Every structure is written in C-alpha cells, then in structure tokens.
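I opened my notebook to write down, entry by entry, what I look up in this structure. The entries follow below the display.

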Amino acid sequence: MRRQLPLLVLFFSGMTMLVDYFFPETPLIHGTREVFLNWGRIALTFAMILGVMNLLISNLKKVFLQQSGWMYNMILLLSFGITFWYSVPFHFVKSGEYFSMIKGTDAGSTGFNIFMNVYTPLSSTMFSLVAFFIASAAFRAFRAKNIEATLLLGSAILVMLGSIPLGNSLYDRFHLATWFGSHNLSWVANFIQDVPMSASQRAINLGVAVGIISMSMKILLGIDRSYFGEGES
Amino acid sequence: MRDVQHSTVFAAMALMGAILFYCILKAKKGALPYIRTISGLKAMDEAIGRATELGKPVLFISGLADIDNVQTLAALSILSHVAKKTAQYDTPLIMPNVASVTMVTAQEVVREAHLQAGRPDTYRPENIYYVSDEQFAFVAHTNGLMERVRPAANIYMGRFFGESLILAETGHATGAIQIAGTAETPQLPFFVVACDYCLIGEELYAASAYLSKDPHQMGSIKGQDYIKILMLLLIVVGSLYETFNVHILAHWLGG
Amino acid sequence: MIERLANLDRRFIFLLLVLCISYGLLFPKPLKISIDPPVKAAYDTISQLQPGDKVILSFDYGPSVMPELQPAALAILRHCFMKKADVILMTLWNEGLPMMSDAIASVAIPMGEKVNQDYVDLGFKWGGVTGSSVIEGLGSDIKSVFPNTNGGSPYDRVPLLKGVKNFKDIKLLISFTAGNPGVDEYIQYANARYHLPIVGVVTKVTAPKEFPFLNSGQLSGLVAGLVGGAEYEELIDHPGFGLAGLFALSTAQVTIILFILAANVLQFFAGRKKSK
C-alpha cells in the first residue's frame with residue numbers, strides 16, 4: 001500500500017486535470033481540480049518552510065561544530081535573520097478614506113532597500129558573469145575544425161554583428177551590402193534567426209513535446225516510477 | 001467538446017496514446033526495440049568511475065525547476081541510476097537543490113538506490129540539501145562548492161536558465177568531466193560548448209528508458225518515434241495543402 | 001608562443017573584456033540605430049491604443065536581468081501613458097514587485113500619472129510555476145485573482161477598473177519576461193484561449209525561442225534585450241538607459257568576435273607549425 005497509494009493519488013489527480021481540460025463546464029470536475037490546485041499550492045508553500053528549516057539547521061550545525069568555513073555559514077544566518085526581520089512585518093496606514101497596507105517590501109521600506117541595494121547588485125553581478133564566461137567559452141570552443149564548425153562560426157559572427165549598431169556601421173563602411181542583395185546586416189541576422197534557426201528550434205521543440213507527452217503518460221499510469229527510487233515498472 | 005480545437009486535441013491525444021500503448025505491449029512481449037547509443041548517457045558510468053579513481057565526489061544538479069516540471073522528474077530518474085552506481089563504488093554524491101520538495105524526493109531516491117545496491121550504511125542525507133529558491137543564490141553556492149570541493153564529475157540534468165553557462169564554465173575550469181541534459185533550447189548551445197557530453201531535448205526524457213533497459217519504457221521510445229514520423233507526414237502534407245491554398249487541414253487543426 | 005596564446009588563461013580574456021566595456025561606458029559614442037521589424041511591430045501595436053483602452057503590463061523578471069529588460073519596460077510604459085491608455089500593472093514573480101515600483105517611480109510619477117485613475121498596481125500573485133491559475137483566473141474574473149490593489153484599495157473602488165471584468169475588457173497584454181511563468185504561459189492560456197493580443201519583451205538569449213510565435217501571429221511584437229529597449233527608446237524619441245548602454249554593448253560584442261577570430265588564426269598557425 002505504501003507504493004500503491006501515491007500512484008493512486010497521482011493517477012486520480014492527473015486524470016482530473018486532464019478531464020477538466022476537455023469538460024471545464026462540469027462543476028464536479030472543475031471544482032475537484034480547483035481543490036487539488038489549492039492543496040498543491042498550500043503543500044508547496046509549506047514545503048518552502050521545510051527547505052528553510054533544512055538550510056538553517058545545516059548552517060547552524062556547521063557554526064556550532066566550527067567546521068571549516070563556519071564564518072561564511074554565520075554570515076548566511078545573520079543575512080537571513082536581518083532580511084527576515086525587516087521584510088516580513090507590515091502595518092496599516094490611513095490615506096484618505098482607505099487603509100493602505102504597507103508591507104515590508106513596499107518602496108521606501110527597509111526590506112525594499114535591502115532588496116534593491118544588496119540583493120539586486122549581487123544578483124546582477126552573478127548574471128554579469130555570463131558575459132565573461134561567454135567570452136572565454138567562445139575563445140576556447142569556436143574553432144573552425146571542419147566545414148560544419150566553420151558554417152556555425154560564420155553564422156554566429158553574422159548574427160552577433162547584426163544585433164548591434166556598430167556591426168551595421170562596419171558593414172556599411174566596407175560596402176558589404178552587395179553580398180546580400182542590398183540588405184543590411186540586421187536583415188541578414190534576422191533572416192538567420194527567422195529561417196534556419198527557427199526551423200531547428202521548432203524541430204527540437206516538437207521532439208521535446210512528444211517526449212513530454214510520453215513521459216507524462218508513463219508517470220500518470222505508473223509505468224515509470226524511477227523518480228520514486230524504483231527501477232522496475 | 002466545447003469547440004473544434006478541443007476535439008482535435010482529444011483525437012490527437014487518443015491516437016498518440018494508442019500508438020504508445022501498442023509499442024509498450026509489443027515490447028512487453030519480448031520485441032525490444034533498438035535505441036541508438038546516446039553518448040552522454042554511456043559516458044555517465046565512465047564519469048563516475050573517474051570520480052572513484054580520483055577519490056573525488058560526483059556533483060549532480062537536477063535543474064532549477066520544481067518537482068512539478070517534467071524535466072525535473074526526468075532528472076530524478078537519472079539520479080536513481082547515478083546514485084546506484086555511486087553507492088556501488090562508494091563515491092560521495094553531492095546534490096544541492098533549488099526546491100525543497102525536490103530535495104525530499106531526491107533524498108528518497110538516493111536512499112532507495114543505496115538500499116538496492118546493498119549499501120544502506122553509505123547513504124548520507126546531509127549531502128542532498130536545500131540551498132535557495134533564488135536562481136543566482138543557488139548558482140553562487142554551487143560555484144563555490146565546485147571551487148572548494150573540486151568534484152571530478154558534474155552532471156547537470158533538468159531545466160536550466162541563464163545560469164547554465166556559469167555552472168558549466170566553472171565546472172570546466174575545475175577540470176571535471178561534465179555531462180549535461182536539458183530541453184531548454186536557449187541553454188543547449190551553452191552546455192554543448194562547455195560540457196563534454198550533452199543530451200539534447202528529448203534525449204533527456206529517453207534517459208530513463210535507456211539506463212533502465214525496462215521493456216515498457218523502451219517500447220514508449222519506439223512509440224515516440226512513430227508519433228514523430230506521423231508529425232513529419234502531417235507537416236509535409238500540410239505545407240503542400242497550404243501552398244495550393246487548400247485550408248482543410250489548417251481549419252481542422254484549429255488554425 | 002603561438003600555442004600558449006591559443007590556450008590563453010581565461011583571466012586575460014576577462015581583463016581585456018573589462019577594459020573594452022569600461023572604454024565603452026566611459027567614452028560613449030552615438031550610433032546609428034536601425035529598427036528591427038519585431039520591435040517595429042510591437043511599437044505599431046501599442047501605437048494603435050486609444051485613450052481609455054485597458055492594457056496589462058506584467059513584470060515577470062527579477063533584478064538579475066533588470067539591465068536588459070528595464071529600459072524596454074520604462075520605454076513601453078512611457079509609450080502607453082503617451083497614448084493615454086489605462087495601465088494595469090501586475091507580476092507573476094515575487095521579484096517583479098521592486099521592478100514595478102521602480103518603473104512607477106521612474107515613469108508614472110514624473111509624468112504626473114495618477115494612481116488608480118491613470119494606472120493601477122495590482123501587485124504580485126503566485127500562480128505556480130506556470131502561472132496558469134492566475135492567468136486563467138484573469139481570463140474569467142480579474143477581481144477573484146486580485147480582490148485588492150497592491151496598496152490595499154478594494155477592486156470595486158478603483159475608478160480605472162470600473163467595467164473591467166476579465167480579458168475580454170483588455171485591449172493588449174505586454175509581458176516583460178525573463179523565464180517562467182512569462183510570455184510563453186500568456187501565449188498558451190491568454191492568447192490561445194481568449195485571443196488576447198500579446199507583446200513580448202524578453203532577454204536576447206530567449207528571443208530565438210519566441211520567433212516561431214511571432215511568425216505565427218501569436219505574438220503581436222517582440223522586443224529583445226537591451227538593443228530592443230534602445231530601439232524602442234529611439235522610436236518614442238525618449239533616450240534612456242537602453243541607448244546609453246548601446247555603445248558599451250557593441251564594444252563587448254566586437255571584442256568577443258575579435259577573440260574568436262584571433263583564436264582561429266592562432267590555431268591555424270599552431271597547426272601549421274605542428275605539421276612542420
């Protein structure tokens with residue numbers, strides 16, 4: 001029963017969602033679907049608490065045992081505490097005839113300032129690493145070793161140059177428009193993205209969609225249970 | 001059905017389901033289909049072996065989506081296989097998680113794998129932990145982990161977004177062998193460039209069948225191929241129809 | 001020597017890139033900008049808005065992509081106000097709230113737009129990974145999803161929202177997206193089911209994924225990345241961060257292209273030397 005019960009729940013809830021798509025006006029099915037969705041949201045929200053507890057416990061353990069790098073765990077705990085303290089509380093303010101709820105994340109609040117002045121720059125910094133890693137990956141990997149690689153290299157350079165105004169300026173300066181039927185470089189870049197790239201994207205997406213349908217069916221019917229930790233169906 | 005669009009969807013779903021069922025039943029009777037070699041999956045054992053020889057851990061990342069995403073489920077299927085191998089070889093498996101439900105499921109998957117491998121004593125739940133729901137907080141932690149711990153094998157399976165290149169490049173810099181798999185088409189180029197092996201699109205979904213060699217699952221892969229052939233025919237016929245201004249097919253498909 | 005250059009330590013590459021981007025930021029030059037058809041399509045769609053038309057702006061991105069999407073977001077918000085459309089701001093991401101606050105502070109307030117009359121901030125609603133419950137809720141009854149505005153005002157007491165029940169009363173939806181839920185989900189649930197016109201504003205990396213939707217007409221326009229934002233600023237004739245950062249972006253792109261070309265040239269000579 002330990003193994004059958006989750007599969008039964010999975011099957012029943014999955015079929016409810018599926019049937020609702022075709023018969024949304026049936027109150028019983030639609031109502032059941034809404035109940036399942038609400039339960040799912042509630043469960044996921046409580047699961048977040050589970051994750052936070054796991055994070056706090058594992059970091060506290062490292063601090064108390066003074067394991068290697070425990071200062072960093074202490075910084076994490078302090079940051080968590082300070083952000084939580086300032087972001088969660090809220091109060092009501094009367095403005096005119098209405099009461100407005102000022103949350104800890106509203107503009108001007110300390111929580112908002114922490115978000116904009118600490119989290120935002122840190123997050124942007126991490127994302128900006130992509131630019132540097134693209135440069136190093138491109139330097140390492142974009143080598144014309146064979147015909148396919150050369151074609152890829154050529155089209156990548158055309159798309160990159162066509163995406164920026166400087167590329168168009170260089171293109172016009174060297175009068176390269178005659179190579180592509182008097183079209184500018186932006187047109188060439190858009191053509192590459194519109195035609196061959198879109199075609200390959202659609203092909204991969206079609207394959208992925210079929211894969212999703214097949215995998216969903218296998219999970220719904222209990223054929224694939226490897227995510228439960230079982231290998232046999 | 002409310003309108004012609006939904007009836008088309010129902011008919012398509014019924015047809016695809018019938019094809020998949022037929023192929024699964026056929027495989028169950030013993031006619032196992034041939035699945036071509038997927039180099040990324042074949043290399044997984046090699047990667048784990050390398051980590052064992054070097055005495056370094058294996059890092060597994062199941063993507064940045066929650067458990068309700070199909071890619072995460074596919075990743076957990078692969079985790080089951082990886083966990084079994086690492087249990088057999090007594091190699092540490094580290095798995096930071098972006099979602100707490102995924103963490104709990106992954107812990108269960110790895111625990112089961114250790115049990116099946118006959119090594120329940122080597123299971124370490126503290127190696128499968130929650131980091132943060134925030135994308136770049138998770139990436140910052142994982143990058144630091146890679147730099148400090150220096151895993152010998154990095155396996156990225158699941159749904160990834162803009163952090164894919166950051167993870168893959170950092171892993172490359174540490175000298176790890178890297179295997180990636182995602183159905184997110186914008187991230188595929190980054191993984192292809194920075195990783196040693198890459199599973200593209202539906203290869204991620206086929207991984208469970210490929211690794212388990214389970215007849216039911218292998219039959220479903222064959223069924224997927226038949227469905228794709230049908231789609232191809234539909235595209236060719238549809239293009240010809242539209243070229244000659246015949247719109248019956250487009251109307252029937254809800255266009 | 002050639003082999004060492006061909007396998008150059010990546011820190012030198014990072015350093016050169018930093019120097020080139022710094023040059024671009026410190027010594028910007030005006031560049032002649034050409035408008036891409038998808039951006040023009042977005043501009044034309046928004047230009048067709050009449051005074052009083054309801055338009056939803058969904059800020060589905062976080063601070064990490066703020067430099068990429070915020071210029072386009074501010075330019076489009078400004079354009080909507082210029083057309084005197086009634087703007088409804090919302091987000092499916094919890095990180096989108098500060099982005100919205102910043103847009104209101106940067107555009108709405110300086111333009112003298114009045115809250116609840118010219119624009120309304122509905123705030124954030126979590127609809128799961130796909131946002132489907134929120135989007136489908138908006139399609140049937142917006143009030144059931146957002147019973148109050150972000151400031152706490154009841155839905156029925158907001159002048160701008162009088163007579164606005166669901167997507168049928170909305171003229172256009174503009175989704176600023178960095179991932180999921182975002183424009184893909186709006187196309188799936190809002191456009192496919194309710195035939196609501198959608199304009200997508202996405203990062204440059206994910207733009208290729210949206211081209212099939214643009215070609216099929218499911219998207220009425222597509223603005224991609226900082227360059228798209230700069231083009232939109234050019235179209236509304238209001239320079240902002242998009243145009244300001246364009247030269248630095250261009251120098252970075254050209255630097256990367258030069259790295260690629262240099263690597264190939266070095267590899268070629270290294271290969272010749274080896275064969276000798």
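Into which domains is chain B divided? I find domain 1 (4–31 + 218–252) and domain 2 (39–211) in chain B, where the domain bounds come from an automatic or database domain assignment.

**Entry: how to read the model.** I note that this is a predicted model, in which local features need pLDDT of at least 70 and side-chain atom pairs count only at pLDDT 80 or more, while totals for chains, interfaces and linings use all residues. Residues are numbered from 1 along each chain as its sequence is written, and chains are lettered from A and ligands numbered from 1 in the order in which they are written.

**Entry: chain B as a whole.** I looked up the distance between the C-alpha centres of domain 1 and domain 2 of chain B and found 33 Å. The C-alpha trace of chain B spans about 65 × 40 × 35 Å along its principal axes. I list ten helices and six strands for chain B, taking helices (H or I, at least four residues) and strands (E, at least two) as DSSP runs numbered from the N terminus. Of the 255 residues of chain B, 54% count as buried; a residue is buried if 20 or more other C-beta atoms lie within 10 Å of its own, exposed if 12 or fewer, and partly exposed in between, with C-beta atoms placed from the backbone. I also looked at contacts in chain B between residues at least 6 apart in sequence, and 72% of these join residues at least 24 apart, where two residues are in contact if their C-beta atoms, placed from the backbone, lie within 7 Å.

**Entry: the nonpolar core.** Which residues have the most contacts inside the largest nonpolar core? I wrote down B:Leu79, B:Val82, C:Ala73, C:Ile76 and C:Leu89, in a core of 188 residues. A nonpolar core is a set of buried Ala, Val, Leu, Ile, Met, Phe, Trp, Tyr and Cys residues joined through C-beta atoms within 7 Å. Helix H3 (residues 70–89) of chain B gives the most to this core, with ten residues. Leaving aside neighbours within four places in sequence, I find B:Leu79 in contact with B:Phe60, B:Ser62, B:Ala106, B:Val109 and B:Val110.

**Entry: where chain A meets chain B.** I find 44 residues of chain A in contact with 50 residues of chain B. On the chain A side, the elements giving two or more residues are helix H2 (27–64), helix H4 (110–141) and helix H7 (185–220), and H7(A) supplies the largest share, 16 residues. By class this side of chain A has 25 nonpolar, 15 polar and four charged residues; Ala, Val, Leu, Ile, Met, Phe, Trp, Tyr, Cys and Pro count as nonpolar, Asp, Glu, Lys and Arg as charged, and the others, Gly among them, as polar.

**Entry: the sheet of chain C.** In what order do the six strands of the open sheet in chain C come? I read S3-S2-S1-S4-S5-S6, with parallel pairing, and two strands pair if DSSP finds at least two bridges between them. The edge strands, each pairing on one side only, are strand S3 (119–124) and strand S6 (221–224) of chain C. Strand S5 (residues 198–202) of chain C pairs with S6(C) in the parallel sense over four bridges, and the bridge partner of C:Val202 in S6(C) is C:Ala224. Helix H9 (residues 207–216) of chain C packs on the sheet, touching S5 and S6 of chain C, and its direction makes about 170 degrees with that of S6(C); axes are lines fitted to C-alpha atoms, for helices over the stretch in contact, and angles run from 0 to 180 degrees between N-to-C directions.

Entry: I noted a cis peptide bond from C:Asn180 to C:Pro181, with omega near -5 degrees, and C:Pro181 is found in the loop between strand S4 (172–177) and H8 of chain C. B:Arg150 has a positive phi of about 55 degrees although it is not a glycine, and its place is in the loop between helix H5 (135–149) and strand S4 (153–159) of chain B. Is B:Arg150 buried or partly exposed? I put B:Arg150 down as partly exposed, because 15 other C-beta atoms lie within 10 Å.
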